[in-house]
Amino acid sequence: MASDFAVKSDCAEIEIRLSRSSDEALFMEMRLECLRVVYGFPEIFCFDADLVSKSREYFLCGDHVTVFALDGNGKCAGVASLCFIDVMPTFEHPAGRRAHLMNVYVRAEARRRGIGKKMVARLIEEASARGATEITLDATEEGRFLYESLGFAENKEAMSLSLR
């Protein structure tokens, strides 16, 4: 497993570190802020209690890894999560271990400084160390360049069916 690392970004030191169970409140704050921003909800938006409860439960018990970007004062500048999925092995994925990148979010005042790229790079290292053979993601238009710069490409083979 690669060690956590700090990066210099615009003269401010940013630490990219793996989450701990004690980070539950920070995770929830950042996840809900991310969802508000991505979906354009107002600051006072009230999330469904089941979504909040399931998010908290997944953070504490799910098969995932989350990283935080923290400034020198411990203030969170960003968050990103990688959820692991085990499926039946295939020739392309003999271990059946895959991952899905989610909720890559950098606060507005910290954007355009390489923080998102450092968080995703750290999660790519973690996915490799944990035996994943593929990482998928759902990109916003704003995030597409970041993911392409790290080697992600469109997959024309996949299809999906929404069951909700």
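The largest nonpolar core contains 23 residues, and Leu-82, Ile-115 and Met-119 have the most contacts inside it. A nonpolar core is a set of buried Ala, Val, Leu, Ile, Met, Phe, Trp, Tyr and Cys residues joined through side-chain atoms within 4.5 Å. At least two residues of this core come from each of β2 (12-18), β3, β4, β5, α3 (115-129) and α4 (144-149). The largest share, five residues, is supplied by α3. Helices (H or I, at least four residues) and strands (E, at least two) are DSSP runs, numbered from the N terminus.

This is a predicted model, in which local features need pLDDT of at least 70 and side-chain atom pairs count only at pLDDT 80 or more, while totals for chains, interfaces and linings use all residues. Residues are numbered from 1 along each chain as its sequence is written, and side-chain values use heavy atoms, with hydrogens and water left out.

Not counting residues up to four places away in sequence, Met-119 touches Ile-16, Val-67, Ala-69, Gly-78, Val-79, Ala-80, Tyr-105 and Val-106; contact means heavy atoms within 4.5 Å. Apart from this core lies another, of 15 residues, which include Phe-27, Met-30, Leu-35 and Phe-59.

Phe-27, Met-30 and Leu-35 are also among the buried residues of helix α1, as are Leu-26, Met-28, Leu-32 and Cys-34. Buried means under 20% relative accessible area, exposed means over 50%, and partly exposed lies in between (1.4 Å probe, protein chains only). The buried residues of α1 pack against α2 (49-61), β3 (64-71), β4 (76-86) and β5 (97-106). With 16 residues, α1 reaches 22 Å from its first C-alpha to its last, close to the 22 Å expected; the expected span is 1.5 Å times one less than the number of residues.

Glu-29 forms a salt bridge with Arg-107, with the closest N and O atoms 2.8 Å apart. This pair links distant parts of the chain, since Glu-29 lies in helix α1 and Arg-107 in the loop between β5 and α3, 78 residues apart. A salt bridge is a side-chain nitrogen of Lys or Arg within 4 Å of a carboxyl oxygen of Asp or Glu. Glu-29 counts as partly exposed because its relative accessible area is 41%, whereas Arg-107 counts as buried because its value is 10%.

The structure holds 12 salt bridges. In one of them, Asp-23 pairs with Arg-17 at 2.7 Å between the closest N and O atoms, and both of these residues are buried.

At the end of α1 (residues 24-39) stands Tyr-39. Tyr-39 is exposed because its relative accessible area is 57%. Together with Val-38, Phe-41 and Phe-45, Tyr-39 makes a nonpolar surface patch of about 380 Å². Patches are made of residues with over 30% relative accessible area and no salt bridge; like charges are joined within 9 Å, and nonpolar side chains (Val, Leu, Ile, Met, Phe, Trp, Tyr) within 5 Å. Accessible areas come from the Shrake-Rupley method with a 1.4 Å probe, and for residues only the protein chains shown count as cover. Gly-40, with a positive phi near 70°, follows α1.
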